[in-house]
Amino acid sequence: MARPLTATVDLDAILQNYRYAKKLQPTCKAFAVVKSNAYGHGAVEVSRYLDEEVDAFAVAAIEEAMALRDAGVTSPILLLEGVFEGSEWALCEQYGFWSALENAQQLDELVASRAKIEKVFLKLDSGMHRLGVEKEVAPSFVSALKDSDQVGEVVLMTHFSCADDVSDLTTMQQLTYFEQARQLIGDIPASVANSAAIMKWSVPEGGWIRPGIMLYGISPFAEVSGRALGLRPAMTLSSKVISTRPLKKGDRVGYGLGYVAAEDHILATVAVGYGDGYPRHAEKDTPLQIDGKPACLAGRVSMDMITVRMQDFADKPAMGQEVVLWGGEVPVEEVADYAGTIGYELVTRMTARPHYRYIRDSDSL
Ligand SMILES: Cc1ncc(COP(=O)(O)O)c(C=O)c1O
């Protein structure tokens with residue numbers, strides 16, 4: 001016997017979504033962004049599965065990259081935040097990592113290390129003002145990298161602040177700034193697009209795209225689900241009804257007794273809580289499914305349990321029935337909306353506590 005909470009990760013969905021990203025930008029090579037434990041889906045399992053097909057992986061930092069190498073992943077791996085200490089450059093050479101570079105200190109430390117790096121992605125601050133150099137100094141960074149004779153290729157990279165909002169012209173302004181920088185530098189490959197830009201913006205031909213959230217079948221846009229965008233959601237979080245009880249109209253439930261039964265109904269208790277990554281701030285009426293039928297949250301989320309009711313009061317949940325918290329017919333984006341957050345956060349903050357099950361299309365043959 002085991003607690004029934006399971007995160008089922010569909011590896012072929014991730015592969016298919018990766019192929020879809022490449023199809024949308026057919027002149028570009030594509031990273032599979034697997035930082036933060038592949039957005040909660042399991043970086044080692046996901047990367048091992050994609051390893052033969054992807055052009056390269058991207059992670060935030062060297063620890064994440066080394067964990068993939070230690071697990072046998074052989075594709076190139078880009079460090080999106082670059083190195084945090086000069087000593088990491090030698091490790092980048094040893095393990096064959098590529099790195100972003102966004103400031104003079106990283107450049108000085110690279111030159112001092114004498115490390116040979118196959119590709120460096122010079123980060124341009126095109127308007128987000130988080131990381132990167134300004135366009136006026138970008139050419140001198142590129143020259144220094146080339147003159148060092150340590151770097152095989154320099155790619156100019158930037159990141160968009162508002163690509164998820166197609167009505168916001170900031171992305172156009174960032175693209176213009178980026179192209180101005182490229183003109184100052186001369187011939188240099190580009191890497192600009194996250195999922196939202198891959199799907200909705202026109203990005204420079206060639207170079208590298210950097211799909212993250214779309215690989216997991218989740219939408220970067222508010223009010224559109226991944227499925228509606230042609231993506232295949234990769235994670236289903238499911239559990240079981242572990243207890244039921246009849247409530248009388250007016251009965252109150254859970255911490256703070258915040259839920260009040262509007263009529264007589266059966267209340268089901270389900271094994272999942274914020275200790276697993278289910279959002280504590282999920283509001284009353286957050287959607288889920290019991291035994292394939294619509295149900296919703298009734299009462300505050302506890303660490304290990306939630307209480308729920310069927311949407312149609314006439315339906316009666318029973319012990320052992322399967323509960324889908326998200327995935328399938330319950331879009332994670334919608335659950336996130338009820339918790340005042342985004343799909344990115346829900347999957348990324350999954351804990352190690354649920355059972356993780358990895359499936360492939362071939363499993364069902
Ligand atoms: C530099 C960079 N590129 C690409 C991505 C992937 O973005 P998304 O998950 O929106 O596709 C991220 C994610 O935050 C990022 O920081």
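A: R232 counts as partly exposed, because its relative accessibility is 21%; on this scale buried means under 20% relative accessible area, exposed means over 50%, and partly exposed lies in between, with a 1.4 Å probe and protein chains only. The model is a predicted one, in which local features need pLDDT of at least 70 and side-chain atom pairs count only at pLDDT 80 or more, while totals for chains, interfaces and linings use all residues. Residues are numbered from 1 along each chain as its sequence is written, and side-chain values use heavy atoms, with hydrogens and water left out.

The side chain of R232 meets that of D361 in a salt bridge, at 2.7 Å from N to O; a salt bridge here is a side-chain nitrogen of Lys or Arg within 4 Å of a carboxyl oxygen of Asp or Glu. R232 sits in the loop between β9 (208-209) and β10 (235-247), whereas D361 belongs to the segment after β18 (355-359), so the pair ties together parts that are 129 residues apart in sequence. Helices (H or I, at least four residues) and strands (E, at least two) are DSSP runs, numbered from the N terminus. D361 is also partly exposed, with a relative accessible area of 36%.

The structure holds 15 salt bridges. D55 and K22 form one of them, with their side chains meeting at 2.6 Å, N to O. This pair links distant parts of the chain, with D55 in the loop between α3 (43-50) and β3 (56-59) and K22 in helix α1 (residues 11-24), 33 residues apart. D55 is partly exposed, as its relative accessibility is 22%, and K22 is partly exposed at 25%. E136 and K135 form another salt bridge, with the closest N and O atoms 3.8 Å apart. In this case E136 is exposed, at 52% relative accessibility, but K135 is buried, at 17%. There is also a network of salt bridges that links R3, D276, D304 and R353.

On the scale of the whole chain, the protein is divided into domain 1 (11-223) and domain 2 (235-364), with bounds that come from an automatic or database domain assignment. Their C-alpha centres lie 36 Å apart, and 14 residues of domain 1 are in contact with 14 residues of domain 2, where contact means heavy atoms within 4.5 Å.

The two domains also meet around an open space. The largest pocket lies between domain 1 and domain 2, because both of them give residues to its lining. It holds about 940 Å³ of space. Of the 41 residues that line this pocket, Y39, N194, I213, I342 and Y344 are the closest to its centre. The elements that give two or more residues to the lining are α2 (35-40), α9 (195-200), α10 (332-338) and α11 (343-348), and α10 gives the most, with four residues. By class, the lining of the largest pocket divides into 20 nonpolar, eleven polar and ten charged residues; Ala, Val, Leu, Ile, Met, Phe, Trp, Tyr, Cys and Pro count as nonpolar, Asp, Glu, Lys and Arg as charged, and the others, Gly among them, as polar.

Pockets and cavities are found on a 1 Å grid over the protein atoms alone: a cavity is a set of points where a 1.4 Å probe fits but cannot get out, a pocket is an open set with protein on both sides within 12 Å along at least five of seven lines, and lining residues have an atom within 4 Å of a point. Grid points are joined across faces, edges and corners, and a volume is the space filled by probe spheres set on the points.

The structure holds two cavities of 30 Å³ or more. The largest cavity contains about 50 Å³ of space, and its lining has three nonpolar, five polar and three charged residues. The second largest cavity contains about 40 Å³ and is lined by C28, A190, S191, V192, A193, V203, P204, G206, W208 and I209. By class, the second largest cavity is lined by eight nonpolar, two polar and no charged residues.
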